[in-house]
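The points go from the cores to the helices, then to a sheet, a few backbone details and a pair of residues.

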Amino acid sequence: MKCQQIRDSFLGFFEDRGHLILPSTPLVTDDPTTLFTVAGMQPFIGAFRGEEKAPAPRVVTNQKCARMGDLERVGHSPMHHTFFEMLGNFSFGDYFKREAIEFAWEYVVDVLHIPTDDLWITVFTEDDEAEEIWNKRIGVPIERIVRLGRGENWWPEERWEGPCGPCTEIHLDNGPEVGCGQPDCGPDCDCPRFVELWNLVFQMYTEAPDGTLTELPAPGVDTGMGFERLAMILQGKQFSTETDEMWQIIQRTIEIAREDWGRELAYGQDPETDTALRVICDHARGAAMLTADGVAPTNEGAGYVLRRFLRRAYRFGLEIGADGPFMHKVLPAVADVMGQAYPELHARQDFSVGVVKAEEEQFASTLAQGMERIGGLIEMLQRKHRPQTGGLAIGPVQIPGDEAFRLYDTFGLPREMTVEIAGDHGMTVDIEGFEAAMARQRERSRAAVTGLSIHGGSTVATKLAATEFTGYDAISARGSVQAIVVEGELAESLADGAEGALVLDRTPFYAERGGQLGDHGVISGDGFHFEVTDTQPLGAAVAHIGRMVEGAVRGGDAVTATVDEDRRDAVRRHHTATHLLHAALRQVVGGHVKQAGSLVGPDRLRFDFSHHQAVDHDALVQIEEHVNRWILEDLPVDIEFMDLDEARDAGAVALFDEKYDETVRTVRVGETSFELCGGIHCCRTGEIGSVRVLAESSVAAGTRRIEAVAGMAAVRHSRHADERLLALSHELNCPGDEIAERIGAQRERIKELEREVEQARQMSASISVPDLVASATEVAGVKLVTGVIEGGDREVLKGLADEIVEKLGSGVVVLGGDADGVALVAKVSQDLIGRGGHAGNLIREVAQRAGGGGGGAPHFAQAGGGDPAKLADAIAAAPEIVAAQLGG
């Protein structure tokens, strides 16, 4: 069975049994306790707790999940993955243990055709009910049912403040030949013989930190079956990465190796090559899923995990011959094989490939130096710890923490990669030393941003002359080093790899003030290269904060300072857009609006303003249209220096009690905006491109905030929105302009179905099950209940049949209803199947008497169609058919 067939069969199986199929929720969650969705039930925690309304009484999903705890085992272990899929069915106060166990057994045995003799069961130590269901209702021999404690058969294993309860698991026995050979080897044994297949959790409680259990408002069922593991078992593979979908990703990597690297790779011939291919496959899936959810590489959160995926995969690629970025070429293969299940992979493919390629290129530029550096470091440490006689190293060899941190900070090697490379050479890393170096760096950064500030009364600032700013007219300037500041103190020089701040006599770099972030760029001179990652005011001087990438610098050295032009242009677009946004707010919301703060960066702007209530959607649309109209008009942006009083008299807006010099810089945008401002701006509004308002929110009482994007950031936002709209259009199978109508129609349909379900429940409640049980007749020594239920549909009939058989204990039920023309169900208790009872054959013959057809499994079947007028006669024939089946 292929991977997509497995997904379809699982979802279809439970849909046929009244479950609502829901799409997977995003991989990245808004849950503050976890970064990613880690279990299929996670989106339904509120429903299990009774805090939210469940989407339906019965739900089935194939959920995207991710866990980072086993990252180092990926590629080495047959079944560990970072990204994985979890198949699960859920009941919210509907069915419970018996039905959950019956569903699971039927799917595993009748659909997947896994031999029953290969299946073992575990139950919680105190769960007598589950054991009895498995043994007496399902027929699993008691010797293949194992009771285990809280560490194995309670979910979750660790105490948490959420839904919890006992669980029962289905395990596959791979045979004693692959086991540990111990006489007591069983599902609780840590050997490859037994593999957990499916976990059925009976959500019954919430648990307090002290271990107190409180019953949930209604018990529920939460099951989880690892998709990749199941595919590996059904396809008979040794590693889950060898199943059909992941195998195609591996084959694409092999093609890239042949076409781009000139390497002929073959899976299955070299263990190290196989491991690398499996790692690349896993991380490509994870990267594709994260970027499809809109994640981009960063140094924290989900973005850091994505960056770690890409850099780790890149390193394994180097080990098998990669000579440059390649993961962006692997990514489309993920969409090719998984796009049917996850349409967002196709919708976001251009974004995903672009993001991954940019990250790879950035990493490649520094990794070569980093790998050379760590290689030399390892060789030096090995020589140092080797006895003079040339023997083996004495004791464990450890990479010092400050060296590991330098590899991270200067060369971009993640700590985890350094640990892995060290491990490959039998070495360790001083993690405590690394963390200490990281802490010192954070302190230096704080000193650079705050300790260097004039507002802190810095003694350094008083010793420095003013820096001449040339950045309004140029992005590059020649000058000299006036001072070097390291950890808040003046220094004579700054060496290769060191961090600090350079103070120049003249600079084109804009120092952060008025909400505009400081410039980035480079300062270079004879034999040195300093990377500027922030620019801050230091009294009247300007501190260029960063690190020495190459060489060393001393006070008085001649330099060339060059601003990152692309970043500067992006900042200027957002700054001029902020002025237009302010003007539009005053026009639409009212003249009382005053700026209360701002942040102007290269990728977004944030504008805080005084206002007593939320700005409604229609007003935000007007504001956005005003701003973009002024951009289309390509208004001139004029800069003029004026006396402060003159500027105020001319109507210039002064910002949030700012203290101004007697001579001020004014920025006038056509006849639209006139403000006092010292920041960097466009020459004309047309340079902005466009502006999109993203959000409006409250900051504090009487203060609101608008967030927006301009220029290419606005283009990327619009493209992202279009891609999401396209994905939704594909999901709903309608044009984009019909989405709202289609959703409205589906909501009405849901309401209609809910009404039908309620009507069915009311009908079921009005029917006396005890009366039906009392009407049982005996055929061939077996109790038989038959009946025609007026207005009964299949769901009502199925529910009644389940209840009747449960009360009979042993027997056969055949019921008919006329709600949907002709509806028929038959149920046979488990003990009678061995005697020849077969619900599928029984219902087929009954349906034929009514002119219809149907069939099903031995224990339950349903049928329909035919003539309602013949329904009673068909049901009346049931005793004769049952007698023939049972030999009576």
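1. A nonpolar core is here a set of buried Ala, Val, Leu, Ile, Met, Phe, Trp, Tyr and Cys residues joined through side-chain atoms within 4.5 Å, where buried means under 20% relative accessible area, exposed over 50%, and partly exposed in between, with a 1.4 Å probe and protein chains only. The model is a predicted one, in which local features need pLDDT of at least 70 and side-chain atom pairs count only at pLDDT 80 or more, while totals for chains, interfaces and linings use all residues. Residues are numbered from 1 along each chain as its sequence is written, and side-chain values use heavy atoms, with hydrogens and water left out.

2. The largest nonpolar core has 70 residues, and Phe326, Leu345 and Ile399 are those with the most contacts inside it. Its largest share, eleven residues, is supplied by helix α8 (residues 271-292); helices (H or I, at least four residues) and strands (E, at least two) are DSSP runs, numbered from the N terminus. A second, separate core of 40 residues has Val60, Ile101, Leu112 and Met225 among its members.

3. Which residues does Leu345 touch, not counting those up to four places away in sequence? With contact taken as heavy atoms within 4.5 Å, Leu345 touches Ala288, Met289, Ala292, Val334, Ala335, Met338 and Gly339.

4. The axes of α8 and helix α10 (residues 327-338) come within 9 Å and cross at roughly 75°; axes are lines fitted to C-alpha atoms, for helices over the stretch in contact, and angles run from 0 to 180 degrees between N-to-C directions. The two helices α8 and α10 are therefore roughly perpendicular to each other, given that angles under 35 degrees count as roughly parallel, over 145 as roughly antiparallel, 65 to 115 as roughly perpendicular and the rest as oblique.

5. In this contact, Ile280, His283, Ala284, Arg285, Ala287, Ala288, Met289 and Thr291 of α8 meet Met327, Val330, Leu331, Val334 and Met338 of α10. The residues of the contact between α8 and α10 divide into ten nonpolar, two polar and one charged, where Ala, Val, Leu, Ile, Met, Phe, Trp, Tyr, Cys and Pro count as nonpolar, Asp, Glu, Lys and Arg as charged, and the others, Gly among them, as polar.

6. Helix α6 (residues 227-234) has Phe227, Glu228, Leu230, Ala231 and Met232 buried. These buried residues of α6 pack against α1 (3-15), β3 (83-92), β8 (194-207), β9 (213-226), α7 (244-261) and α8. After α6 comes Gly236, with a positive phi near 65°.

7. An open sheet is formed by three strands in the order β25-β26-β27, with antiparallel pairing; two strands pair if DSSP finds at least two bridges between them. Its edge strands, β25 (637-643) and β27 (673-676), each pair on one side only, and neighbouring strands of the sheet are turned by 25° against each other on average, direction ignored. Helix α17 (residues 565-588) packs on this sheet and touches β25, β26 and β27, its direction making about 115° with that of β27. Seven bridges join β25 to the antiparallel strand β26 (residues 663-669), and Ile639 stands opposite Val667 in β26.

8. A cis peptide bond, with omega about -5°, joins Trp155 and Pro156, and Pro156 is placed in the loop between β6 (154-155) and β7 (163-173). Asn733 has a positive phi, near 60°; Asn733 lies in the loop between α20 (712-732) and α21 (739-766) and is exposed, with a relative accessible area of 64%. Ala780 also has a positive phi, near 55°; Ala780 is in the loop between β30 (777-779) and β31 (782-789) and is partly exposed, at a relative accessible area of 28%.

9. Is Lys798 buried or exposed? Lys798, in helix α23 (residues 794-808), is buried, with a relative accessible area of 14%. Leaving aside neighbours within four places in sequence, Lys798 is in contact with Val825 and Phe860. Phe860, in strand β35 (residues 860-864), is buried with a relative accessible area of 15%, and Phe860 touches Lys798, Val825, Ala826, Lys827 and Ala839, not counting residues up to four places away in sequence. Phe860 and Gly840 are 20 residues apart in sequence and 6.7 Å apart in space, C-alpha to C-alpha.
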